[in-house]
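Here is a friendly walk through a protein model. Keep the structure open beside you and look up each part as it comes along.

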There are 2 protein chains.
Amino acid sequence: MDRRTATIQDVARVAGVSTATVSRTLSKPAVVTKATRDAVLSAVAETGYRVNTTASNLRRQRTGSVIVLLPNIANPFFAQILAGLSSVLTPAEYGMLIADTQSGPDADARLAHYLASGQADGLVLLDGTLSAEVLASPARPPIVMACEWMGSTLPSVRVENARGGALAVGHLAELGHRRIGHVTGPPDNVLTQTRLAGFSDALRALGLPQNPAWVLEGDFTMDSGAAAARARLALTDRPTGLFLSSDEMATGFIGEVQRAGLNVPGDVSVVGFDNIEIAQHLAPGLTTIRQPRTQIGVRAAELLLTMIESNSRDAPSEIIAVELIRRGSAGPPPG
Amino acid sequence: MDRRTATIQDVARVAGVSTATVSRTLSKPAVVTKATRDAVLSAVAETGYRVNTTASNLRRQRTGSVIVLLPNIANPFFAQILAGLSSVLTPAEYGMLIADTQSGPDADARLAHYLASGQADGLVLLDGTLSAEVLASPARPPIVMACEWMGSTLPSVRVENARGGALAVGHLAELGHRRIGHVTGPPDNVLTQTRLAGFSDALRALGLPQNPAWVLEGDFTMDSGAAAARARLALTDRPTGLFLSSDEMATGFIGEVQRAGLNVPGDVSVVGFDNIEIAQHLAPGLTTIRQPRTQIGVRAAELLLTMIESNSRDAPSEIIAVELIRRGSAGPPPG
DNA sequence: CTGAAAGCGCTAACAA
DNA sequence: TTGTTAGCGCTTTCAG
């Protein structure tokens with residue numbers, strides 16, 4: 001029993017065939033006779049051989065992995081997208097490398113690094129704040145965006161963010177609200193802008209008032225949602241219903257409102273965005289816009305694999321539908 | 001301008017040196033003269049050369065990546081551990097491959113696969129339900145467990161799970177509770193068992209009653225926490241304070257209690273485990289046992305890198321302290 | 001259907 | 001300090 005791991009040479013020797021035949025048997029079994037196939041497979045079993053992926057990759061001029069670039073791994077929002085990606089990449093024998101653009105100093109530089117490094121056969125971008133110029137890299141691998149991105153023409157999988165904002169406003173209006181506010185994500189984020197646009201357009205279409213004081217700035221976190229709740233309380237002229245651009249913010253908002261002794265939806269109605277798991281477990285349940293994150297990951301991975309396998313840098317983008325989920329956090333306005 | 005990416009040969013030609021010198025310049029710049037260094041570096045810039053990691057890895061008999069094996073990527077609990085791992089692995093130039101043991105049919109087989117495949121220089125295990133025999137693999141790379149694991153002697157980074165259970169019980173007892181219950185994780189999980197043991201031992205030490213009906217089975221999810229709340233309501237003889245083995249369950253529990261029109265902590269006190277982000281945003285805030293997840297990831301990665309670099313399969317394990325975080329969800333018992 | 005042989009791009013002895 | 005050389009382990013023509 002060697003302690004070193006067996007190589008294809010060892011298998012060839014044991015099976016009494018050439019290394020080429022071993023390689024063939026393993027990659028296209030149909031092309032060798034049953035006799036040699038049996039000999040090779042039993043030699044493989046005997047030696048405990050496993051192909052050395054590094055060598056195989058070098059020879060085949062590929063890497064066997066895909067890099068997923070996201071702004072912040074610690075954000076649970078991405079966890080389900082990763083699960084979707086993994087469920088496609090793993091069976092296809094691609095490794096999934098995770099890289100965090102916020103952990104280093106310069107996110108754009110990191111992206112440029114990954115583009116040029118040739119360390120992956122493809123890239124999935126989940127960060128909508130990277131600058132477009134970086135993509136100029138001539139030898140870059142196929143890329144799929146799984147998020148909105150300013151003025152990019154890259155293949156992408158996106159959700160109907162604007163329509164989500166409109167659905168939220170429509171629901172609040174239907175319940176009788178006429179003073180509808182919004183808590184945004186970070187201002188430079190494209191999601192923020194798209195959802196805000198959907199919100200504003202819907203108000204306009206419904207002939208409802210647009211009050212800039214009712215549009216509060218957040219950053220998608222629970223903390224910023226709680227801060228928005230305090231900011232709203234400080235207003236003399238308050239919106240009765242709010243659309244928040246993420247469920248995390250909505251959660252922080254509701255918590256803070258309740259701690260202030262007020263009632264949701266009695267005093268203020270809340271609609272979130274995402275439908276994260278906790279939405280149905282809050283009291284009241286959080287009315288929100290569902291965005292199917294696992295499916296986003298699945299479709300992005302499928303798109304990318306198609307591009308990799310067809311050696312193309314382009315593919316049709318895809319838009320995934322959102323849906324209003326009615327729970328208890330939005331009700332008729334007070335009075 | 002070639003469309004193919006430049007190789008070390010191209011750089012050598014442009015700089016008028018050998019490939020060995022190029023390689024040296026890039027890996028140990030100190031060992032070449034300034035003149036050649038300058039020549040090489042400008043040739044690198046001119047050609048846009050980047051080392052081919054696959055070739056480098058093949059030559060150096062390493063893979064440059066670490067596999068992180070976790071039960072379920074979609075579980076946000078792991079997100080912060082991943083962030084900690086990434087913050088150490090990325091600067092050290094190791095790729096972080098994520099693999100999900102629950103996405104395939106047989107988790108043990110997956111582990112065995114990764115152990116033998118030689119696709120990684122090291123492994124981080126976050127799944128405490130894998131069977132120990134699989135580790136028999138002779139040529140396996142260094143492994144660090146970042147979770148409890150039955151009867152394993154592998155190097156590990158763990159938290160004081162039993163003490164966490166004891167802290168929770170101690171706190172409830174201090175507030176005056178004498179009827180203290182517990183909601184467990186999945187029964188076969190070692191975390192479940194350790195926290196349950198800490199819970200039971202603490203009750204015994206304090207001379208408090210142990211009622212099997214007050215120990216409800218959960219599975220760490222919010223859904224199971226909500227179910228536990230309903231199960232508690234169905235009891236005629238109810239515990240006044242509960243320790244739940246995860247914050248997610250505690251969140252689901254509190255939501256369900258509130259939807260039933262009861263008050264936390266007025267009617268029932270709740271202590272969770274983890275200190276996930278939402279804990280401070282619930283109303284009331286969730287009293288819980290803090291477990292520093294980023295730090296777990298950081299230490300696990302550091303341990304693993306040490307082992308990889310010293311080519312050792314062993315290292316001292318580490319225990320990370322937990323801490324009671326007092327918020328509003330635990331108060332004096334009713335009456 | 002199978003084997004021989006030529007590298008993929010890089011690094012590390014070893015020599016000079 | 002630098003160059004020469006020999007592979008790392010694999011796949012894939014190209015012959016046979």
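In chain B, strand β6 (residues 180–184) and strand β8 (residues 241–244) run parallel and are joined by four bridges. One of the pairs to look up is B:Val183, whose bridge partner in β8(B) is B:Leu244. Strands here are DSSP runs of E with at least two residues, helices are runs of H or I with at least four, and both are numbered from the N terminus. Two strands pair if DSSP finds at least two bridges between them.

Before going on, note that this is a predicted model, in which local features need pLDDT of at least 70 and side-chain atom pairs count only at pLDDT 80 or more, while totals for chains, interfaces and linings use all residues. Residues are numbered from 1 along each chain as its sequence is written, chains are lettered from A and ligands numbered from 1 in the order in which they are written, and side-chain values use heavy atoms, leaving out hydrogens and water.

Now for the sheet in chain B: six strands form an open sheet in the order β7-β6-β8-β9-β10-β12, with mixed pairing. Strands β7 (215–217) and β12 (323–325) of chain B stand at the edges with a single partner strand each, so one side of each has no neighbour in the sheet.

|---|---|---|
| α2(A) | 19–27 | A:Thr21, A:Val22, A:Thr25, A:Leu26 |
| α3(A) | 34–47 | A:Arg37, A:Val40, A:Leu41, A:Val44 |

Contact means heavy atoms within 4.5 Å. Helices α2(A) and α3(A) pack at an angle of about 90°, with their axes 10 Å apart. That makes α2(A) roughly perpendicular to α3(A) (a word used for angles of 65 to 115 degrees). Axes are lines fitted to C-alpha atoms, for helices over the stretch in contact, and angles run from 0 to 180 degrees between N-to-C directions.

How do the two chains meet? The contact takes 49 residues from chain A and 50 residues from chain B. About 3,800 Å² is buried between chain A and chain B, and carbon and sulfur atoms give 61% of that area. Buried area is the accessible area (1.4 Å probe) that two parts lose on being put together, summed over both.

Which side chains meet A:Asp201 in a salt bridge? A:Arg204 does, at 3.1 Å from N to O. A salt bridge is a side-chain nitrogen of Lys or Arg within 4 Å of a carboxyl oxygen of Asp or Glu. Across the interface of chain A and chain B, the rule finds zero salt bridges.

How values were computed: Parallel < 35°, antiparallel > 145°, perpendicular 65-115°, else oblique.
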